[in-house]
Amino acid sequence: MGGDHGAAEVVPGVIDYARAHPDVELILVGDTDTVRRLAGPLPDNARIVHAGSVIEMDEHPARAMREKKDASILVAAELVRAGDADAVVTAGHTGAGMAAGILKLGRLPGVDRPGLAVQMVTDTGPLVLIDIGANPDSTAENLAQYARMGAIFAEKVLGVEDPRVALLSIGEEKGKGDARIQRATDLLDASTLTFVGNVEGRDLTRHMADVIVTDAVAGNVVIKFFEGLSGFIFDLWRTEFRRSWRGRLAYLLMRPSIARIRSIFDYETHGGSPLLGVKGTVIITHGSARRRMIGFACDVAARTAAARVPDLIAEALAADNERLATVAATAKAAADERRDEEVVS
């Protein structure tokens, strides 16, 4: 029911995906009459679950969730919590989607703060940027957990073997940055991840790593800058091509190349952003998503759930915590031994 275009785009997108993927069950959560009118005859693998209200895009998510207990995003999250669904897909209010995932589903064991990830385009395939909106006050430990969660998503959903992980910082030299980046560098060096150090903003499109880790403020600025810049560049091209007959002729000659470039920048095919670190799969797609992007979001959700990404994250973080505890205990024992030797001498 949410999103800039509401059910008018979400429902047809879900129905298209259901018909193309009969092995996936789709549950449309919202006002039954509205959904049924837009959906028409439902395929066998789609059904409707009624929700009496909607959290609008301009509402405060926490206040709206308290007042609208039967909001569609809460009903959808409850289906996952109860085991009646494996994933939630929403084009609605991002804050409400994250709050429903965290409060309704809960954090995975060992997860301090969930992170919101996104796929970014490069000419050699997508990379994962995390966090882009869940936690503006990330600690070094949070960044290390984002790295682990992003690497699992990249490997299991995007098919990247042994993903390379990097920290977004002000210099490419390893450890360069504030105290938080330096501490995160130490944690990632001690992990089993393929940690390649820092990347700068200019390196993002060069695909120097498969998972880029940052806090929500920097991540959100990066992703929205890229969205704005790509739109600005295409608008400039469009203006030039329309300026004269020479421009129109140039467009005809360049049209195949432009189509290939557009396919690289086609963010709709990436579906949406997974909220990693909660007990279930939550995909938050773009508020302006139309039916085509909704279908891709459903596909990301289905693949993420089928790959058991939340379970794998919980298992990996448990192993990480055990490893760090062992390292800390070993370091403490060594320090105690040195102190005892100094006392004896």
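**Close-up views of a predicted model**

**Figure 1. Packing of helix α8 against helix α9.** In this predicted model, helix α8 (residues 216-243) and helix α9 (residues 245-264) have axes that come within 9 Å and cross at roughly 155°. The two helices α8 and α9 are therefore roughly antiparallel to each other, since an angle over 145 degrees falls in that class. The crossing in which α8 passes α9 is left-handed. On the side of α8, the contact is formed by F234, W237, R238, E240, F241 and R242. On the side of α9, the residues involved are G247, R248, A250, Y251, M254, I258, I261 and R262. Sorted by class, the contact of α8 with α9 comprises 8 nonpolar, 1 polar and 5 charged residues. Two packed helices are described by the angle between their axes and the distance between the axes.

**Figure 2. Packing of helix α4 against helix α5.** The axes of α4 and α5 come within 9 Å, with a crossing angle of roughly 35°. Helix α4 passes α5 in a right-handed crossing. From α4, the residues I73, L74, A77, E78, V80 and R81 take part in the contact. They meet A96, G97, A100, K104 and L105 of α5. By class, 7 nonpolar, 1 polar and 3 charged residues make up the contact of α4 with α5.

**Figure 3. The largest nonpolar core.** This core, the largest in the model, has 39 residues. Within it, the residues with the most contacts are V29, I55, I73, M120, L129, L204 and I212. Two or more residues are given to this core by each of the helices α3 (61-67), α4 (72-81), α5 (94-105) and α8, and by each of the strands β4 (115-120), β5 (127-130), β6 (164-168) and β10 (281-284). Helix α4 gives the most to this core, with 7 residues.

**Figure 4. Surroundings of I73.** I73 is one of the residues with the most contacts inside the largest nonpolar core. With neighbours within four places in sequence left aside, I73 is in contact with I55, V88, T90, A96, G97 and A100. Residue I73 also belongs to the α4 side of the contact with α5, where A96, G97 and A100 are among the α5 residues.

**Figure 5. The buried residue T281 in strand β10.** T281 has its place in strand β10. With a relative accessible area of 3%, T281 is buried, because that value lies under 20%. Residues up to four places away in sequence not being counted, T281 touches D86, A87, V88, A301, T304, A305 and P310.

**Figure 6. The exposed residue T124.** T124 is placed in the loop between β4 and β5. Its relative accessibility of 57% makes T124 count as exposed. T124 and I264 stand 140 residues apart along the chain, and their C-alpha atoms are separated by 9.2 Å.

Figure 7. Most residues other than glycine have a negative phi, and most peptide bonds are trans. The peptide bond from I130 to D131 is cis, with omega near 15°. D131 lies in the loop between β5 and α6 (140-156). D162 has a positive phi, near 50°. This residue, D162, is found in the loop between α6 and β6, and D162 is partly exposed at a relative accessible area of 46%. A positive phi, near 60°, also occurs at R308. R308 lies in the loop between α10 (291-306) and α11 (309-344), and a relative accessibility of 38% makes R308 count as partly exposed.

**Figure 8. The whole protein as context for the close-up views.** The secondary structure of the protein comprises 11 helices and 10 strands. Taken along the principal axes, the C-alpha atoms fill a box of roughly 85 × 55 × 35 Å. The protein has 345 residues, of which 47% count as buried. Among contacts between residues at least 6 apart in sequence, 67% join residues at least 24 apart.

Definitions and conventions
Residues numbered from 1 in each chain as written. Predicted model: local features only at pLDDT ≥ 70, side-chain atom pairs only at ≥ 80, totals over all residues. Heavy atoms only, no water. Axes fitted to C-alpha atoms, helices over the stretch in contact; angles between N-to-C directions. Helix = DSSP H or I, 4+ residues; strand = E, 2+ residues; numbered from the N terminus. Parallel < 35°, antiparallel > 145°, perpendicular 65-115°, else oblique. Left-handed = near helix turned anticlockwise from the far one by under 90°. Contact = heavy atoms within 4.5 Å. Nonpolar A, V, L, I, M, F, W, Y, C, P; charged D, E, K, R; others polar. Core = buried A, V, L, I, M, F, W, Y, C linked by side-chain atoms within 4.5 Å. Buried < 20%, exposed > 50% of the residue type's maximum accessible area, 1.4 Å probe, protein only.
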